[in-house]
Each structure stands twice: as structure tokens, then as C-alpha cells.
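I opened this one to look up how its parts are arranged. Here are my notes, in the order I took them.

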Amino acid sequence: MTSLGDRILGLGLLVLAVAYGWAAQQWPEPFGGAETVGPETFPTMLAVVLVAGSLYLMIKPDPDAQWPVGKSAFELVISLVVLVVYTLLLEPLGFVIATTLAVGTLSWRMGAAPRPAFLTGLLSAVVVFVLFNYGLSLSLPAGLLEVH
Amino acid sequence: METLGFLMEGFAVALTPYNLMFALFGAFVGTLIGCLPGLGPANGVAILIPLAFTLGLPPETAMILLTAVYAGAMYGGRISSILLNIPGDEPAMMTCLDGYPMARKGRAADALAVSAIASFAGGLIGTIGLIMLAPVLARFALTFGPAEYFALFLLAFATLGGITGKNPVKTVVAATLGIMISTVGIDISTGTQRYTFGVLELYEGIDFILAIVGLFAISELLFFVESRMGRGRDKMNVGKLTLTMKELVMTIPTQLRGGVLGFISGVLPGAGASLGSFISYTLEKQVVGKKGKFGEGDIRGVVAPEAGNNGASSGALVPMLTLGVPGSGTTAVLLAMLISLNITPGPLMFTQNADIVWGVIAALLIGNVLLLVLNIPLVGFFVKLLSVPPMYLLPIVTMVAFVGIYSISHSTFDLYFMVAFGVAGYFLRKLEIPLVPIILGLLLGPEMEKNLGHALVLSDGEWSVLWASPLAMGLWIVAGLGLILPYLVGPLLRRRMNAAMKESPVSD
């Protein structure tokens, strides 16, 4: 049982806290002179609390969780890529096509057979699209399918 | 009797066909959310917020919808506990102990029916408690000054980890992170740009709705991907209803005890629905003693925790509505809805937005009746949905989250932000940093800073004003206890909860 996770987290938080606190000291004095509570007061307090918390985590870390390795980690990266690519393609390709691909790929990677996976994607995409655009009149991008 | 008048007005709001329709819809969706493993109540309500927002629902309707979802989720949690021995949400954990053995004995239908009735009783008792307690507390809260509020917010953070929480330092770290995120943007009182790095999208601060949806929904998807539980589980047979009137009458005292205990632990900071159902179950076991067959499918072992957690869920609304300080994850998400509707929660809400507060309370009563009616005949339908494997369900839920966020601003920038929050949420959950304090920090951060500023301006920069009044001092002490007690009592309580879980003979 190692406890590297908490130590690394603690270190990261310490850096964050110091940077956050330091940045707060750099702001120009607000117009009208300094008050007891300026824009930097509260952030400075937060930085102090976080420094204390992060030091504690580094000194008394909890045991590590099970981190995904190999195939699980690979699947996680794939899911993330799908989400980012989905966002990227949402407007150019349009909602229905992008969603079919995204939901289909995710279901497939989570263990469904390809055909039902992409069918689920298509079906859910069409249902949501129709519901939003016609039922609730909130426009989702039509993209390639737009009728000119 | 003033309260009764307000309540009647509340009913007038909640009983309009439009609001009633949304309450019914919410109750239905809520049960669904509750019974599907991997879609907890906080997560489910979070996904619905952007939708309620973009639909342009009037504030009272939006709140009624979400409160109905909240109540429904508490009903739904029991279905998978009983049928699959997997709690649909955390408070439903104790229902597994006797619910699942009952189902194995072929009495699944009875367990489902009696737990629906217990949920109703618990919800009803909790709501009555809410009606009696909330106005009193709101009146008391009017005496709070900025220093007291500041201390109250600290108390909320300190007790959020709950008495059973594992590492209070992690709760503190999480809350601090949340408040830090809330400081991004232009400072309200001075106009200073803070942590915007010149990015235009950050000037108005980070929208907490997308943070919440990202942290909950996206990280949930990632967790499922990692655990590769996509296939789902075998379906259970529900069988025939054999519950007799006599059995039902026998459980009435249990229902009352469970509901009251649940309500109390819901109101208290740091207890929450999980502890509510645990206490109700343990007490019931003590009261009934050797005569009961707890852990082997005793009907009272199903009734007690269900009445407890539904009582607690109404109880948890008390601090949220009266003080603006939620005590649980789901009520925190409800608070997010209130804030984005531009309603300042807290004691003033009872006078300024009386129609909303009482509309919500009346909706809770109506919702409970609707839920009881929905849950008994429709249980078969919910059971069918339980067998939809997560590999189809979670991608669709994620997509709905995307749609919700996208439809608020029509900007893909927000979607990238949401995904980033999801990744952060995944890592934080892996490191056992709780997400709820982050959300609460995001929501309460600006209020906290404002109150700090007011207190110090009033005292001419004298910091001791923060703990000068006895009330503020008291709040500080309770907050301190909230951080220390988990170290002292936590391990003991956790051990007992685990022991209770292991005692059940069929915990396979």
C-alpha cells in the first residue's frame, strides 16, 4: 500500500495555493483607496487554508486507490477523446450525426455490440433533436442536415 | 395558524394544472433516477437544472419540478436495493438488509409495496416537520448578522463531510477549492478582475451549473467506463402481492418512529439521509429486539430505513430553505437552481418569495401522494427499466447533459469546460476528495466573501467581530466539533455500519 496519490495531490495543491495567493497580492489597489477587505483579502485567506490542507495531505496521506492500468486506462482515454471530439464536431456536423457517433462509440466501447450501439445513438439523437427543436423550440445545430 | 394560511396559498400555486403536470413528471423522472444505479439523486437533479432553465419555466414551476425529482429519487432508491441488493443511492443502503432477503423469499412485491408506503409515511412526517419548523427557524435566522452568516457557512462546510466522513481535511480542501473557483471573475464590490487571465469567457465567473454537471455526470460516466460494468445485471421476478392488512397495521409504529428520526437527522447538520436510515434501522432492531427476524427479511427492517430516509430528505430542506445552507449534495444542487433563478435563499425568502417556498412545500406533499400512487401500480415498469444495461443508458445520460449545457449559452466553450470539470471530478473522486463541498463552495463562496466584507466594514476592520456575539461563537464551536468529531466518533460509527451490513446472511 503506497500513498503516492495523496502526496502528489498535496504537492499540486500546494503549488496551486501559493500561485493563487501570490496572484492575489499583485492586483492594483482598487480605486478609492485600500479598505480592510479588498479584493485580495478573501483569496489570501483561502490560499492559507489550502496551504495548510495540502501540507497535511503530504505529511499524513491516505492509502492509494486502485488506479486504472492497461485496458481500463485506454478505455478511459478513448471516452475522453470521444467527448472532446463530440464537442468539436457538434456544430460543423450537426447534432444528429455527431450524437449518433458519440453515443454509439461510447456504448460500443462500454461493451455493446456495434450495431445496437449505433442504433441506440441514432435513435436517441433523433428523439432528442425532435423534442428540442420542435417540442421545446430550443434550437440544436442541424449542421450537415440543414435544409436550405 | 398563519402557517396554515400560507400553506393554503402554497396549494393554490402547486395545484394549478401546469405545476401539477410538472410535479407528476418530476416524480416519475425522479423515481427513475433513483432506481437506476449510477445515477444518484444529486447527479439527476443536476442534469435537469439546465433543462428547467432553458425551458424558461417560471421559478415556482422549476422548483416544484426539481423538488418532485428529489422526492422521487428517494422513492426510487429502494427498488434496486430490494431487487438487486444494490442500493440505487446511498441512503437506500440499509434497505438492502431486509429488502433483498424478502425478495429472495419470493416476497419482492410485498417489500416494494410496503417500502412505498413507508416512504410515503416518512415523506409525510418529514414534510409536516418542515412546515412546523421552517417558519420558526426562518424567523430566528432574521436575527443573524453578517458575522453569524460567515460562521454559519463555515459550519456548513465543516459538517458537510458528515459524522461518518473519512478525512475531514479532504472536506476542507474540497470546500476551499470550490470557493477558489467561485472567486474567478470580476469582483463585485471593487470591480477588480480576479484570475481571469484576460479570457473574456471568465469575466463573468465560472457558471456553477456547468461545473456541477461536469463534476457529477461526466465523472460518473468515466467511473462506469473504468469499472466496465456496462452489461448490467439479471432481472428479478417481482411476483404477486401477498401483503395483508394486518401486516401493514403492524408496521405503523415503525413508520412513525422511522419518519421522526429521519426528519431529525435530516435537519441536523452533518447527519443526512444515510445516517437517518441507519439510525431508524438500528433503533427498530433495538425496540423490536429478539422478536424480529432482522436481516432475514423482516418487514419492519424494510419499513424503518425507508421511512427514515424519506423523512430525512424533507428534513434536509429545512436548513436549505431557511438559512440558504444545504446539508446534503442534492439540496446543494437545489440551491444552485434557486441562485440561478435569482432568488436569494435564506430567511428573507419566506417573506419575499412566499409563493415559491410554500408552493414547493405544498408540492412536496402532493408529490408524496403522487409518488405513492405512481409507485404501486407502475413498479413493474420501473423494474423493467432497471434491466436496461448502463452501456446504453449512461452515454444517453451524458448526451442529455451536453444538450442541457449547450442550450444555455449555445457555446462549445462551455462544453469543453464541462468535460474538463468531469476529468477533474474523476481524479478528485479517485483521491477521495468529496465533490459536494466543492459544489457548496462554488455556491456559497460569493455570499461568504460578501458577509465577511460587511462584517468588517461594520466593525471598522476589527476581525474579532467574526466571533464576538454568543451566537457566532456557538456556530464556530459547532463547526470546530464538526471537524474534530469524525476523528473521534467516525471510526466507531463506520465500524458499526459495516458490521450491520455484514451481519446480513445474504450479503453476497
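This is a predicted model: local features need pLDDT of at least 70, side-chain atom pairs count only at pLDDT 80 or more; totals for chains, interfaces and linings use all residues.

**Chain A**

I started with contacts in chain A: of those with a separation of 6 or more, 62% are between residues 24 or more positions apart. I call two residues in contact if their C-beta atoms, placed from the backbone, lie within 7 Å.

Residues are numbered from 1 along each chain as its sequence is written, and chains are lettered from A and ligands numbered from 1 in the order in which they are written.

I looked up the elements next and found five helices and zero strands in chain A. Helices (H or I, at least four residues) and strands (E, at least two) are DSSP runs, numbered from the N terminus.

How does the radius of gyration of chain A sit against a compact globule of 148 residues? The globule would be near 15 Å, but chain A has 24 Å. That radius is taken over C-alpha atoms, and the globule rule is 2.2 Å times the number of residues to the power 0.38. Along the principal axes, the C-alpha atoms of chain A fill a box of roughly 60 × 55 × 20 Å.

I checked the domain assignment too, which gives domain 1 (4–59) and domain 2 (70–145) in chain A; such bounds come from an automatic or database assignment. The C-alpha centres of these two domains of chain A lie 40 Å apart.

Burial in chain A comes to 32% of its 148 residues. Buried means 20 or more other C-beta atoms within 10 Å of a residue's own, exposed means 12 or fewer, and partly exposed is in between, with C-beta atoms placed from the backbone.

**Chain B**

Chain B has 22 helices and two strands. The C-alpha trace of chain B spans about 70 × 50 × 50 Å along its principal axes. Buried residues are 61% of the 508 in chain B.

I then picked helix H1 (residues 2–14) of chain B. Which residues of H1(B) are buried? They are B:Gly10, B:Val13 and B:Ala14. They cover an arc of only 85 degrees around the axis, so they sit on the same side of H1(B); the arc is that of the directions from the helix axis to the C-beta atoms. On the other side of H1(B) I found B:Leu4, B:Gly5 and B:Met8 exposed. The cover over the buried residues of H1(B) includes helices H2 (17–35), H4 (59–84) and H16 (354–375) of chain B.

B:Gly315 was my next stop, in helix H12 (residues 299–315) of chain B. B:Gly315 is buried, because 32 other C-beta atoms lie within 10 Å. Beyond neighbours within four places in sequence, its contacts include B:Gly126, B:Leu130 and B:Phe263.

**Where the chains meet**

Last, I looked at the interface: 44 residues of chain B are in contact with 49 residues of chain A. On the chain B side, H18(B) gives the largest share, eight residues. That side divides into 25 nonpolar, 11 polar and eight charged residues. Here Ala, Val, Leu, Ile, Met, Phe, Trp, Tyr, Cys and Pro count as nonpolar, Asp, Glu, Lys and Arg as charged, and the others, Gly among them, as polar.
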